[in-house]
Amino acid sequence: MPEGDSVYRATARLHHALAGKSILRSDFRVPALSTVDLAGYTVSEVLPRGKHLLMRLQPPATAEPAFNQPPLTLHSHLLMEGRWDLYGPGARFKRPAHTARVVLACDGVTAVGFDIAQVKLVPTAEEAQLVGHLGPDLLGPGWDAQAAAANFRAQPHRGIGEALLDQRLMAGVGNIYRCEVLFLTRLHPLTPVGQVVGLEKVIEMSQRLLDINKDRPRRVTTGLARTREPYWVYGRAGKPCLRCGAKIQLLKIAAEDSGLERDCYFCPSCQPVQV
């Protein structure tokens, strides 16, 4: 599943290419939206909300106000495989055409959403139905670290490693950042939130890592952009810790709400179990 910085880069690229352009042709290849026609709508902006991508659309004006349509928001969540690509006039898709879920053709550029599992279209005034449950956005203009900390403290029994992935507490952290933040703050993934000393530091580190990586072509948490090891622990099970040499371990952590397990990497020496 993409991290918040990946969605930030994707929305910035789409906004740069589409903002201010009118849609000439739309093609939705998902059952719920198969009859929707957005021709005539103008893309006003594309912005991220945590791991969600929001494309706001202004309707064409008509002479009769009674027939004017409300502004719409095209919502997509990329999940594991989804992505948006941009194509110039006459360019062939670089991915199998049958995996395209949304095609938006504008003057000089076509945006195509491939393998997007979640696509919804709602009036912009009702966006909260889709993203209102999310906690403070780590890369959003209204980032509120204190509100995020309060959300975590309200659930002291949860393990910090599981809580960091809960987008209702704080939006934007994915599995890579979860592992890296815990290593950098020397926290064992199973430490209950209520026992975390310096919770603000965890939240600050989360925001800092996403922010410094949001414009980078390659995500790096070790601070060395050209290193062969861009991550301290993520994906390095069985390899020596870059800090102390101990073998990195892999832990399966289940989400409290869904029960789904995600891999979590940590150093048993740098991140000891708290007793």
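This is a predicted model: local features need pLDDT of at least 70, side-chain atom pairs count only at pLDDT 80 or more; totals for chains, interfaces and linings use all residues.
Biologist: Is helix 5 parallel or oblique to helix 6?

Modeller: The axes of helix 5 (residues 175-184) and helix 6 (residues 199-213) come within 10 Å and cross at roughly 125 degrees, where axes are lines fitted to C-alpha atoms, for helices over the stretch in contact, and angles run from 0 to 180 degrees between N-to-C directions. Helices here are DSSP runs of H or I with at least four residues, and strands are runs of E with at least two, numbered from the N terminus. Angles under 35 degrees count as roughly parallel, over 145 as roughly antiparallel, 65 to 115 as roughly perpendicular and the rest as oblique, so helix 5 is oblique to helix 6.

Biologist: Which residues of helix 6 make the contact with helix 5?

Modeller: Contact means heavy atoms within 4.5 Å. On the helix 5 side it is made by Tyr177, Glu180, Val181 and Leu184, and on the helix 6 side by Val202, Met205, Ser206, Leu209, Leu210 and Asn213.

Biologist: Why do the buried residues of helix 3 lie on the same side?

Modeller: In helix 3 (residues 145-153), the residues Ala148, Ala149 and Phe152 are buried, where buried means under 20% relative accessible area, exposed over 50% and partly exposed in between, with a 1.4 Å probe and protein chains only. They share one side of helix 3 because the arc they cover around the axis, taken from the directions from the helix axis to the C-beta atoms, is only 100 degrees.

Biologist: How far apart in space are Gly50 and Ala171, C-alpha to C-alpha?

Modeller: Gly50 sits in the loop between strand 2 (42-49) and strand 3 (52-58), and counts as buried because its relative accessibility is 4%. Leaving aside neighbours within four places in sequence, its contacts are Gly4, Val7, Asp137, Ala171 and Gly172. Although Gly50 and Ala171 are 121 residues apart in sequence, their C-alpha to C-alpha separation is 4.5 Å.

Biologist: What is the phi of Arg186?

Modeller: Arg186 is found in the loop between helix 5 and helix 6, and is partly exposed, with a relative accessible area of 45%. Most residues other than glycine have a negative phi. Arg186 is not a glycine, yet its phi is positive, at about 55 degrees.

Conventions: Residues are numbered from 1 along each chain as its sequence is written. Side-chain values use heavy atoms; hydrogens and water are left out.
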